[in-house]
Amino acid sequence: MYVHIDDRLKTRRRRGRPPRLTDAELLTLAVAQAVLGFHGEARWLRFAHAHLRGMFPYLPQRPGYNKRLRAALPLAKQMIRSLAADTDLWPDRCWIVDSTPVECARSRPAVLRSNLAGWASYGYCHSHSRFYWGLKLHLICTPAGLPITWALADPKVDERQVLMALCDLEPGLLAARPGLLILADKGYIAAELDHFLAARGVSLLRPSYRNRGTPRPGESLLKTVRQLIESVNDTLKGQLGLEQHGGRTIEGVGIRVAQRILALTCAIWHNRSTGAPVARSLIAYDH
């Protein structure tokens with residue numbers, strides 16, 4: 001992974017002395033932190049200083065690591081796309097879209113003094129039947145779990161509007177996949193969205209209301225396929241610690257979400273690149 005990142009990442013020219021920790025080394029550390037289950041940067045850097053000295057010529061202290069990591073969000077997005085496009089899953093003409101809550105604060109005093117005010121808001125989590133304060137992660141991936149694109153948005157923003165914004169942001173993704181099929185849940189039911197995607201040659205398959213019309217073709221198989229993106233969200237939260245991200249600013253939350261998605265993409269890229277008969281999981285002891 002480090003070699004792939006180092007070969008494809010164009011090092012930014014800065015004035016003055018070059019950084020002692022390169023961008024490729026920084027992203028490698030970030031992925032290792034997520035895969036090994038270190039949610040806090042302090043514990044992770046103590047572990048790295050004790051066990052990874054021979055792998056990295058220089059390891060920063062916590063303030064320097066945090067500052068570099070928050071500034072590396074564009075690099076993380078670039079590497080997610082580079083690793084995903086380097087797999088045989090990238091041209092897949094079937095996508096799955098879903099959203100999941102990213103809680104950022106729980107107590108009322110924490111909400112009032114949070115630096116995320118203006119970005120985060122109250123939303124309702126149907127899976128846990130409770131309200132939360134934070135953001136919502138909108139993720140588009142292939143049936144194999146490979147992330148295609150993603151966005152963080154206010155929980156009050158309509159999911160259908162976010163999906164249309166993601167499609168408009170990178171029209172080349174749709175143009176490169178004629179006959180694209182997107183699988184979604186009932187939250188994406190809207191005539192406006194259907195017309196929007198149809199104008200771009202994209203088909204949307206989602207459940208229909210029980211008391212409205214006849215079921216759509218293939219709807220009986222939709223529930224089984226929909227479980228795939230639920231497993232992706234469960235991996236991000238259960239194994240990669242998305243719910244314990246610890247971000248207190250929009251930059252901090254953004255890079256910590258990207259860090260988890262990058263780790264997931266790296267694991268899928270590794271499994272597809274090596275062609276191993278048994279795929280490696282994201283569990284630490286499996287590495």
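Guide: A definition comes before that. On a 1 Å grid over the protein atoms alone, a cavity is a set of points where a 1.4 Å probe fits but cannot get out, and a pocket is an open set with protein on both sides within 12 Å along at least five of seven lines; lining residues have an atom within 4 Å of a point. Grid points are joined across faces, edges and corners, and a volume is the space filled by probe spheres set on the points.

Visitor: What does rolling a probe show?
Guide: Where empty space is left, the probe being the size of a water molecule.

Visitor: Fine. What should I know about the model itself?
Guide: The model is predicted, so local features need pLDDT of at least 70 and side-chain atom pairs count only at pLDDT 80 or more, while totals for chains, interfaces and linings use all residues. Residues are numbered from 1 along each chain as its sequence is written, and side-chain values use heavy atoms, with hydrogens and water left out.

Visitor: What is the average pLDDT of the chain?
Guide: The average is 87, and 89% of the residues score at least 70. pLDDT is the predictor's confidence in each residue, from 0 to 100.

Visitor: Which element has the lowest mean pLDDT?
Guide: Helix α10, residues 222–239, with 80. The highest mean, 95, belongs to strand β4, residues 147–153. Helices (H or I, at least four residues) and strands (E, at least two) are DSSP runs, numbered from the N terminus.

Visitor: Which residues line the largest cavity?
Guide: Trp 95, Ile 140, Thr 149, Leu 166, Cys 167, Glu 170, Leu 173 and Leu 174. Helices α7 (159–169) and α8 (171–175) each supply at least two residues of that lining. By class, the lining has six nonpolar, one polar and one charged residues. Here Ala, Val, Leu, Ile, Met, Phe, Trp, Tyr, Cys and Pro count as nonpolar, Asp, Glu, Lys and Arg as charged, and the others, Gly among them, as polar.

Visitor: And how much space lies in the largest pocket?
Guide: About 830 Å³. It is lined by 31 residues, and the closest to its centre are Asp 98, Ser 99, Ser 127, Asp 185 and Glu 230. The elements giving two or more residues to this lining are β1 (94–105), β2 (121–125) and α10.

Visitor: Which of them gives the largest share?
Guide: Helix α10, with nine residues. That helix also has the lowest mean pLDDT among the elements.

Visitor: What classes of residue line the largest pocket?
Guide: Seven are nonpolar, 10 polar and 14 charged.

Visitor: New topic: rings. How many aromatic pairs are there?
Guide: Four. The rule is that rings of Phe, Tyr and Trp (its six-membered ring) pair if their centres lie within 6.5 Å; planes under 30 degrees apart count as stacked, over 60 as edge-to-face and the rest as tilted.

Visitor: Why is the pair of Phe 38 and Trp 44 tilted?
Guide: Because the planes of Phe 38 and Trp 44 are at 50°, with the ring centres 5.3 Å apart. Ring pairs link Phe 38, Trp 44 and Phe 47 into a cluster.

Visitor: Is Trp 44 buried or exposed?
Guide: Trp 44 is buried, at 0% relative accessibility, and Phe 38 is buried at 12%. Buried means under 20% relative accessible area, exposed over 50%, partly exposed in between (1.4 Å probe, protein chains only).

Visitor: What about Tyr 124 and Phe 131?
Guide: They form an edge-to-face pair, 4.9 Å centre to centre with 65° between the planes. Tyr 124 is partly exposed at 33%, and Phe 131 is exposed at 60%.

Visitor: Which charge sits over the ring of Trp 90?
Guide: The charged end of Arg 177, 4.7 Å from the ring centre. Lys 77 lies over the face of Trp 150, at 5.7 Å from the centre of that ring. A charge sits over a ring if NZ of Lys or CZ of Arg is within 6 Å of the ring centre and within 35 degrees of the ring normal.

Visitor: Last one: where is Pro 57?
Guide: In the loop between α3 (41–51) and α4 (62–70). Pro 57 is exposed, with a relative accessible area of 72%.
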